[in-house]
Amino acid sequence: MLTYLVRRFAILILSLLIAAVVLFVLLRLLPGDPANALLSVGADAVQIEKAREQVGSNLPLWQQFLRFAGSLASFDLGTSFVSGKPVIEEIAARLTVTVPLALMGFVLAVLIAVPLGIVSAVKADRWYGGLISTVSQLGIAIPVFWVGILLVTVFAVTFRLFPSGGFPRRGWQNEGQVLYALALPVMTIGLVMAASLLRYVRSATQDVLGSDYLRTARALGASFPEALIRHGIRNGAVPIVSILGIELATTLLGAVVVERVFALPGLGSMLLLAIEQRDYPNVQGVLFISTLLVLLIGFAADLTQRLIDPRLRERAVGGNA
């Protein structure tokens, strides 16, 4: 396992390097000079050249990349053109909204999808098993912003149970207010993700129900619930963990839609604002941190799979040998 962890960590670093190269190239392909974000209308040649020196756009591309890569290696994401604050500080502040939002939505989705997915597979011949499957298919077809608007209409406008949007100015100093403000966004993410996740749980459970080891356990005298809990859940969890990692990464990247619907100051809103203002340090900082989070989630999901299933650990050891 140690060799496997070292290898996976090396792959993670290589992936970050490739992502940095792609990010650097894509941002340099955008029309216009990054220095324009620092200039006012009617700037003269001296001011333009000074601004280009300040952002480094007057250097050859290879020198710009070396400076960019060196900054990333020291985890220095630069300074915002607009606010003048370090990018890493602005991202850290935004992550206090996006990460709890994504994690709470993820937990809610798991709490909904796992039991309902198992029920829909075990009771596929019953009317409620088919109903659960049908509702999940409908949930997949509904856009996330529509779900958010629907929840706002019902719970904020009609019944006035939750706020329609916004985030407390004092942030997490008052946890009750924060949880109250995030209730509808969390429900939006949880319901949409649960609809997608439920299909995979149902499929994995059906595979377990048709497996030889489950029939063997039943033949040896174990009851169906006992056989399913002791032998089925662990084997069925292996493919589900991979899907959970993908769903969580997708939620982090797609939180921009929910944040816009509910006016939340998260990472996605920061990215859209930075693009509108042509604030290149903020754009590349948000994209790099998002890539890092996705890679870390994938790494954690892969490691969890091997901790659950000893066969994967043996395969990794055998492959290294």
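**Aromatic pairs and a surface patch**

Five aromatic pairs, that is 5, occur in the structure. Rings of Phe, Tyr and Trp (its six-membered ring) pair if their centres lie within 6.5 Å; planes under 30 degrees apart count as stacked, over 60 as edge-to-face and the rest as tilted. The model is predicted: local features need pLDDT of at least 70, side-chain atom pairs count only at pLDDT 80 or more, and totals for chains, interfaces and linings use all residues. Residues are numbered from 1 along each chain as its sequence is written, and side-chain values use heavy atoms, with hydrogens and water left out.

Phe-24 and Phe-65 pair edge-to-face, at 5.3 Å centre to centre and 70 degrees between the planes. Phe-24 lies in helix α1 and Phe-65 in helix α3 (residues 61-73), 41 residues apart. Helices are DSSP runs (H or I, at least four residues), numbered from the N terminus. Phe-24 and Phe-68 form a tilted pair, with 5.8 Å centre to centre and 35 degrees between the planes. Phe-68 is in helix α3, so this pair ties together parts 44 residues apart in sequence. Ring pairs join Phe-24, Phe-65 and Phe-68 into a cluster. Phe-24 is buried, at 6% relative accessibility. Phe-68 is buried too. Buried means under 20% relative accessible area, exposed over 50%, partly exposed in between (1.4 Å probe, protein chains only).

Leu-14 is in helix α1 (residues 2-29). Leu-14 is partly exposed, with a relative accessible area of 49%.

Arg-199 lies over the face of Tyr-200, 5.3 Å from the ring centre. The criterion is CZ of Arg or NZ of Lys within 6 Å of the ring centre and within 35 degrees of the ring normal.

Key. Helices (H or I, at least four residues) and strands (E, at least two) are DSSP runs, numbered from the N terminus.
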